[in-house]
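This report describes one chain of a predicted model.

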Amino acid sequence: MPKSEDKLIDKNGLRIDGRKLDELRSTKIEVGVLSNADGSAYIEQGKNKILAAFYGPHEVHPKHLALPDRSLLKCRYHMAPFSVDERKSPAPSRRDIELSMVIRQALEPSIFLEYYPRTSIDLFIEILQAHGGTRCAGITVASLALADGGIPLRDLTVACAAGKVEGKLVVDLSDDEDKKGEADVPLAFMPNLNAITLLQMDGQLTVTEFEKVVDLALEGCKQLYKIQKESLKAKYVVGEGE
Amino acid sequence: MPTFFEKRQIVIPGDLIAEGNYVAGENTFKENGKLYSTHIGLVEYEERKVSVVALKGFYVPRVGDTVIGIVKNITMGGWIVDVNAPYLSLLRASDVVERSYRPQKDDLSSIFGVGDLVIAKIVSFDRTRDPLLSVREPGLGKISRGQIIEIAPTKIPRIIGRKGSMISMIKRETGCHILLGQNGLVLVNGKTLKDNRLAIMAIRKIEKESHTSGLTDRVTEMLKKEKEGEVENA
């Protein structure tokens with residue numbers, strides 16, 4: 001580590017990992033990586049490595065949880081014990097449980113759950129390696145897994161965070177920026193329907209800063225959506241053998 | 001009233017396909033006069049109707065479908081059958097047993113046991129009830145011989161072909177009896193294992209190349225070649 005590690009933004013205006021303020025981490029997405037699940041996808045965003053897969057729709061267990069008018073989306077966000085610097089207990093933490101709910105609520109508006117009443121869709125998001133912004137990357141990749149499995153969707157959901165670090169507004173915060181920065185605003189977005197499905201804030205921002213940060217996060221989402229879209233098509237265009 | 005995609009062009013969920021006076025067909029939805037795709041698939045236009053042929057999907061039961069199912073459980077009143085759908089289906093004992101069904105006397109497991117494969121027709125299904133099956137038609141009932149393969153349910157129409165051209169060609173070329181379950185299970189029943197193998201090969205080829213054109217000719221060619229090869233090897 002260089003000596004200047006306590007400075008998150010250097011004098012040239014570059015961030016700790018060499019990015020510009022409005023630059024996303026390099027992102028690689030692959031769709032349909034698992035054969036046993038009904039749909040799956042994998043994302044590498046900077047040092048984040050996340051796998052998402054789902055089963056369903058199928059009958060609900062236990063039966064009393066079934067909803068008479070729509071499908072039940074069950075979502076599990078889970079960090080592997082080896083995903084962080086110090087071993088994390090594999091049991092779901094308070095944070096895991098909260099993020100499972102947050103991700104579920106961010107994805108629910110995009111799914112036609114009402115098409116399959118009395119069933120459940122079991123979605124699993126496995127964080128293999130975490131480096132900040134895993135909830136956003138988790139949403140992005142989970143949406144692709146659902147599309148891969150043929151679940152009817154209103155739109156893909158893409159998520160990206162933005163925030164404030166050492167007085168500067170930045171997009172797609174990494175682990176250090178998230179922990180030492182002033183504010184973090186994760187946002188999930190359905191690009192074609194132009195609808196925000198998740199908006200959280202941690203830290204302090206003025207109203208004008210907040211508005212700028214939201215715009216920044218939306219811009220990040222739109223860039224990420226292009227990668228998301230291409231990766232979904234890539235699976236079939238290559239497989240076509242044309 | 002513009003459309004934004006060519007016929008047979010690939011779309012993903014949320015892609016805006018058309019705007020204005022169009023009717024939303026399969027795998028699409030309409031909101032505020034705009035028509036979007038809900039699946040990854042290929043666009044089809046049919047006059048004013050816009051639909052998407054899904055590349056990936058699962059089987060959703062429809063009344064009138066012939067399906068192949070696996071008996072999962074036996075209950076007082078009938079059998080629980082897995083038809084590869086989001087819902088388990090029910091086959092009533094009264095539908096199968098001659099005369100009237102007497103739970104004390106009739107042994108259901110002697111008719112269909114757990115693990116048996118059955119060909120059945122879906123007679124009723126809606127949002128509130130699980131699918132109800134029937135075997136009261138010629139050709140339906142327990143499967144006693146043949147080979148079962150599983151394919152993507154979205155590819156079934158392609159294997160049937162236009163007015164059944166594809167499937168009748170495979171039947172003719174291989175001499176196999178083939179039964180397509182709408183749920184993606186296919187029963188292949190030929191005179192020899194070689195015939196079965198040939199038919200399965202053709203079906204797998206169609207599944208893999210379902211979205212390309214001129215497929216019937218290529219499959220015919222492949223089958224003819226394979227048959228010649230077998231004669232030479234013999």
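## Burial and surface

Of the 234 residues in chain B of this predicted model, 49% are buried. The accessible surface of the chain amounts to about 12100 Å², and carbon and sulfur atoms contribute 50% of that area.

## Overall dimensions and domains

The C-alpha trace of chain B extends over about 65 × 60 × 20 Å along its principal axes. Among contacts in chain B with a separation of 6 or more, 56% are between residues 24 or more positions apart.

The secondary structure of chain B consists of five helices and 16 strands. The chain is divided into domain 1 (10–54), domain 2 (66–142) and domain 3 (147–233). Between the centres of domain 1 of chain B and domain 2 of chain B, taken over C-alpha atoms, the separation is 37 Å.

## An open antiparallel sheet

In chain B, an open sheet is formed by three strands in the order E14-E16-E15, with antiparallel pairing. Strand E14 (147–150) and strand E15 (177–180) of chain B each have a single partner strand and stand at the edges, so one side of each lacks a neighbour in the sheet. From one strand to the next, the twist averages 20°.

Strand E16 (residues 185–189) of chain B is joined to E15(B) by four bridges, and the two run antiparallel. Within this pairing, Leu187(B) of E16(B) is the residue opposite Leu179(B). Helix H4 (residues 193–208) of chain B packs on the sheet and touches E14, E15 and E16 of chain B. The direction of helix H4 makes about 15° with that of E14(B).

Terms used:
Residues are numbered from 1 along each chain as its sequence is written. Chains are lettered from A and ligands numbered from 1 in the order in which they are written. This is a predicted model: local features need pLDDT of at least 70, side-chain atom pairs count only at pLDDT 80 or more; totals for chains, interfaces and linings use all residues. Side-chain values use heavy atoms; hydrogens and water are left out. Two strands pair if DSSP finds at least two bridges between them. Axes are lines fitted to C-alpha atoms, for helices over the stretch in contact, and angles run from 0 to 180 degrees between N-to-C directions. Contact means heavy atoms within 4.5 Å. Domain bounds come from an automatic or database domain assignment. Buried means under 20% relative accessible area, exposed over 50%, partly exposed in between (1.4 Å probe, protein chains only). Accessible areas come from the Shrake-Rupley method with a 1.4 Å probe; for residues, only the protein chains shown count as cover.
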